[in-house]
Amino acid sequence: MSDSLLFVANLLCRAPTEVSRVEAAPQACFQRATNPLSAPWPAADNHGRFPQRFLLSGPQLYTQRLYALLQGQVYTSLKEGAIPRLWGNAASQPTYQQWQQLLRQEAYLAVKQRGDRPLGVLLGDSLSLWFPSDLLPPNKIWLNQGISGENTQQILARLDSLQGLPVDTIYLMAGVNDFKQGIAETVFLDNMRALIRGLRCQHPNATIVLQSLLPTNHDYLQGERVIRLNQQIQAIARQEGANYLNLYPLFAAANGTLRPELSTDGLHLSRTGYDIWQGAMQNLENCLNQN
């Protein structure tokens with residue numbers, strides 16, 4: 001890792017010290033998590049449909065979350081289908097700075113409201129951003145800290161927004177935008193290491209889950225490249241005392257692209273794709289709670 005990235009990671013600690021090490025979670029939990037037979041998938045209704053939200057666009061999602069804040073709630077705690085007319089017509093695209101401010105406000109409110117419930121964080125780009133809140137495991141209060149279009153350098157630059165939060169578990173998925181933007185693999189891997197070090201410095205007792213890259217249907221991230229990069233990500237997780245959740249086998253077709261039924265556009269996930277991701281997360285949460 002470059003000296004500049006190590007400097008950034010150390011700035012996220014109270015003092016520039018070596019990254020503290022914690023014992024990784026039981027590996028058996030992570031092996032079971034991506035086995036669909038180890039726990040039931042989310043329940044469907046009598047017509048075979050899963051619960052649906054009314055959101056279609058970034059402005060709608062932003063407006064919904066802003067509405068929740070005005071009601072003194074974090075949007076992940078909103079009831080299913082809560083007053084969609086308030087954001088259904090939203091059309092104004094929020095700025096990057098507005099998203100950052102919103103996430104900070106949600107973090108502040110979640111800490112105030114969590115009580116004795118553990119705090120979970122989703123950290124990443126649009127794949128995390130659009131994770132349906134009704135699919136998040138119910139044993140925690142959740143913060144969704146995803147921003148659409150972000151690369152690993154941008155995520156690293158805003159880690160300070162998590163400083164001081166009493167976080168129990170962090171799920172990190174990042175990288176697809178690095179390769180979409182033509183960022184070198186070495187830069188991406190250095191950033192991933194810096195992200196883990198920064199998170200470990202901030203939250204020495206948290207369970208940090210580094211999730212694999214998912215395949216896409218685009219040339220910049222599919223097939224053998226994804227497999228090779230995921231092996232390197234797994235090695236970084238092991239070296240830095242984090243945990244690795246390999247979602248790739250659940251999403252990859254035989255030719256190494258993203259399974260079409262799990263995606264809306266060859267990159268972003270469909271509701272069925274999020275059902276699969278949720279199943280792995282819930283399996284992992286169940287196993288960790290038993291250990």
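In what order do the five strands of the open sheet lie? In this predicted model, the order is β2-β1-β3-β4-β5, and the pairing is parallel. Strands β2 (141-146) and β5 (243-245) form the edges, each pairing on one side only. From one strand to the next, the twist averages 20°.

Within the sheet, strand β1 (residues 119-124) is joined to strand β3 (residues 167-173) by six bridges in the parallel sense. L122 has Y171 in β3 as its bridge partner. Helix α9 (residues 224-239) packs on the sheet, where it touches β4 (207-211) and β5. The direction of helix α9 makes about 155° with that of β5.

The aromatic side chains were examined next. A pair of aromatic rings is described by the distance of the centres and the angle of the planes. The count comes to six aromatic pairs. One of them, formed by Y62 and W99, is edge-to-face, with 5.3 Å centre to centre and 75° between the planes. This pair links distant parts of the chain, since Y62 belongs to helix α3 (residues 58-70) and W99 to helix α4 (residues 96-113), 37 residues apart. Y62 has a relative accessible area of 13% and is therefore buried; W99 is also buried, at 7%.

F131 and Y274 form another edge-to-face pair, at 5.5 Å centre to centre and with 70° between the planes. F131 lies in the loop between α5 (126-129) and β2, and Y274 in helix α11 (residues 271-289), so the pair ties together parts that are 143 residues apart in sequence. F131 counts as buried at 1% relative accessibility, and Y274 counts as buried at 3%. Together with W277, F131 and Y274 form one aromatic cluster.

Conventions:
Residues are numbered from 1 along each chain as its sequence is written. This is a predicted model: local features need pLDDT of at least 70, side-chain atom pairs count only at pLDDT 80 or more; totals for chains, interfaces and linings use all residues. Side-chain values use heavy atoms; hydrogens and water are left out. Two strands pair if DSSP finds at least two bridges between them. Helices (H or I, at least four residues) and strands (E, at least two) are DSSP runs, numbered from the N terminus. Axes are lines fitted to C-alpha atoms, for helices over the stretch in contact, and angles run from 0 to 180 degrees between N-to-C directions. Contact means heavy atoms within 4.5 Å. Rings of Phe, Tyr and Trp (its six-membered ring) pair if their centres lie within 6.5 Å; planes under 30 degrees apart count as stacked, over 60 as edge-to-face and the rest as tilted. Buried means under 20% relative accessible area, exposed over 50%, partly exposed in between (1.4 Å probe, protein chains only).
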